Amino acid sequence: MAAERGFEGPADLHLHSHESDGTQSPAAVMEAVHRHGIRTSALTDHDTTSGWAEAAEAAASLGMTFLPGMELSTTTGWRSVHLLAYLFDPDAPGLRAEVRRIREARLGRAARIVRNISRDYDLTWDDVVAAHQEGATIGRPHIADALVARGLARDRTDAFDGILHPGGDYYVGHYTADSLNAVRLIVEAGGVPIFAHPAARGRMLPPDVLDELIAAGLAGFEVGHRENTAAGRRSLERLAAHHDLIVTGSSDYHGAGKPNLPGEHTTSDDMVQRIIERGTGSAPVYPSGR
Ligand code: AMP
Ligand code: FE
Ligand code: FE
Ligand code: ZN
C-alpha cells in the first residue's frame, strides 16, 4: 500500500537548509539525504517555508516523496518547545502572522546579541550578514559562524558553550509563540503538529502540560532523535500508545552545522501515511513521473 503512494523506504522528516541554520541549499540537503538512502524527506527550517519549492523539486527529481514542513519556535512557561509542522497551508493568516512576528523578533534579538558581544570582541553585524543566506531565519548559529570566521570560536559548539551561552553576559532571548496557541494555529492551517525532540535534556514537559497540548491537537512526538533521553523515549512511547498518537524519528540534519547525519533516525511508512492522511493544508510532492 505504501509503495502505491510513493513513500516506500526510509523517511527522515526533520532537516534544515540555509533558509534557517543548516549549511546547505534546500536542493543540496535533498541530495545529501538521498545519498544516505532516504526515500521520503521533509524540509523543516526554523520559522520559514522559503525552501519548500526548491526542496520539493529536487526531491521529486531524485525519486523521493517530499513533505513540506517547518520547525516553529514556541514556549510554554519557561520551557522552549520546538514544534514540527507538516502539510500546513503557508498562507493561513493566523500561522503566517505568528511566524512573521517570530522572524522579526529573531532579527532584532540577533542584532542585540551582536551589540553585546561587540563590547568585548571584534565582531560586527556585517560578519553575521556574511555568515547567512539572505532571507534566512536568523539565529545564534549564524552568530556562531561569524565568531568562527573571526577566530573567536573553534566551531558552533564552542560558540554555544561559550560566548552564546544563555547563561552568559551576551545572551538575549526573543519572542516565541505560545506552544498551545501554536498547536491550534498549525491545526487551523490544516497542518500536523509534532513535538520535536520532546525528551531532550531540560525539555521534557510535565504530564499535565503534555495533556493540554494533546487536547489542543498535538498529533505526535518525535521519539527517535539523538537528543532524547532513553527514559524520556520510553515515557513518550507509552503516552503515544495511550492516546494513539503519531511517533516519528528523524535526524535533525543541519549540514556541517551539527554532527547529526541523515537517516540516523527514521520514521516508519505507517506513520508517514498517518501524517499524509491528517495533513490538509498543503500536499505531499511525489516522485516525478508518478
Ligand atoms: P536560537 O534559536 O537562535 O537560540 O539558536 C538555537 C539553534 O541553534 C537550534 O536550532 C539548534 O539547532 C542550534 N544549536 C544549538 N546548540 C548547537 C550546537 N552546539 N551546535 C550547533 N548548533 C546548535
Ligand atoms: Fe537548528
Ligand atoms: Fe529543534
Ligand atoms: Zn531542528
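User: What makes the R106 side chain and ligand 1 a polar contact?

Analyst: A polar side-chain atom of R106 lies 3.1 Å from an oxygen atom of ligand 1. A polar contact is a pair of N or O atoms within 3.5 Å, so this pair counts. By the way, this is a predicted model, where local features need pLDDT of at least 70, side-chain atom pairs need 80 or more, and totals for chains, interfaces and linings use all residues. Residues are numbered from 1 along each chain as written, chains are lettered from A and ligands numbered from 1 in the order written, and side-chain values use heavy atoms, leaving out hydrogens and water.

User: Which backbone atom pairs up with an oxygen atom of ligand 1?

Analyst: That's a polar backbone atom of R140, at 2.8 Å. Over at T157, a polar side-chain atom lies 3.5 Å from a nitrogen atom of ligand 1.

User: How much of ligand 1 does the protein bury?

Analyst: The protein buries 81% of the 500 Å² that ligand 1 exposes when taken alone. Those areas come from the Shrake-Rupley method with a 1.4 Å probe.

User: Why do we say where ligand 1 sits?

Analyst: Ligand 1 sits in the largest pocket, because sitting there means that more than half of a molecule's atoms lie within 2 Å of the pocket's grid points.

Conventions: Polar contact = N/O pair within 3.5 Å; in protein donor to acceptor, adjacent residues only side chain to side chain. 1 Å grid on protein atoms, 1.4 Å probe; cavity = no way out; pocket = protein on both sides within 12 Å on 5 of 7 lines; lining within 4 Å.
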